[in-house]
Amino acid sequence: QKVSKAYIAAHGPVQMGDVAVTASGGGALKSKHVYHVVGPRCVEHSPMDCRRLIEQIINKVMVTAETNCILSISLPAISSGVSGVAKELVAEVIIDTIINHQFTSRPPVLGDIRI
């Protein structure tokens, strides 16, 4: 939480669709970095708009990871909690986006993508 608060103090809040990269801050996380995103809220967008926005966010995360030479990432079910987007929709978008990205990214850098 300290790392997130420091990022916001330095850069301002993360806007929907943006990716903020911070150090993991240690603790229980085994990762070196955390990619923070803000996804769409279902009360503000149609299901098709949510699908498109989540797809854009996942693509941006994967491109950012590849740009930073990250080989492994874990993707949570973005917007499926308090934002209220159906878990089934989020899962479908994540899987479709990963498949499309891996087949269009040459050469694919991400070797381990966990969901």
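Let me start with threonine 22, which is buried at a relative accessible area of 6%; buried means under 20%, exposed over 50%, and partly exposed in between, with a 1.4 Å probe and protein chains only. This is a predicted model, where local features need pLDDT of at least 70 and side-chain atom pairs count only at pLDDT 80 or more, while totals for chains, interfaces and linings use all residues. Residues are numbered from 1 along each chain as its sequence is written, and side-chain values use heavy atoms, with hydrogens and water left out.

Threonine 22 sits in strand S1, residues 19-23. Strands here are DSSP runs of E, at least two residues, and helices are runs of H or I, at least four, numbered from the N terminus.

What does the side chain of threonine 22 make a polar contact with? The partner is the side chain of histidine 36, at 2.9 Å. A polar contact is a pair of N or O atoms within 3.5 Å; within protein, one must be able to donate a hydrogen and the other to accept it, and residues adjacent in sequence count only if both atoms are side-chain atoms.

Contact in general means heavy atoms within 4.5 Å. Leaving aside neighbours within four places in sequence, threonine 22 is in contact with Val3, Tyr7, Lys32, His33, Val34 and His36.

Valine 21 is also in strand S1, but is partly exposed, at 32%. Not counting residues up to four places away, valine 21 touches Tyr7, His33, Val34, Tyr35 and Thr64.

Last, helix H1, residues 2-11: zero of its ten residues are buried, so the helix lies largely in the open. Glycine 12 follows H1, with a positive phi near 90°.
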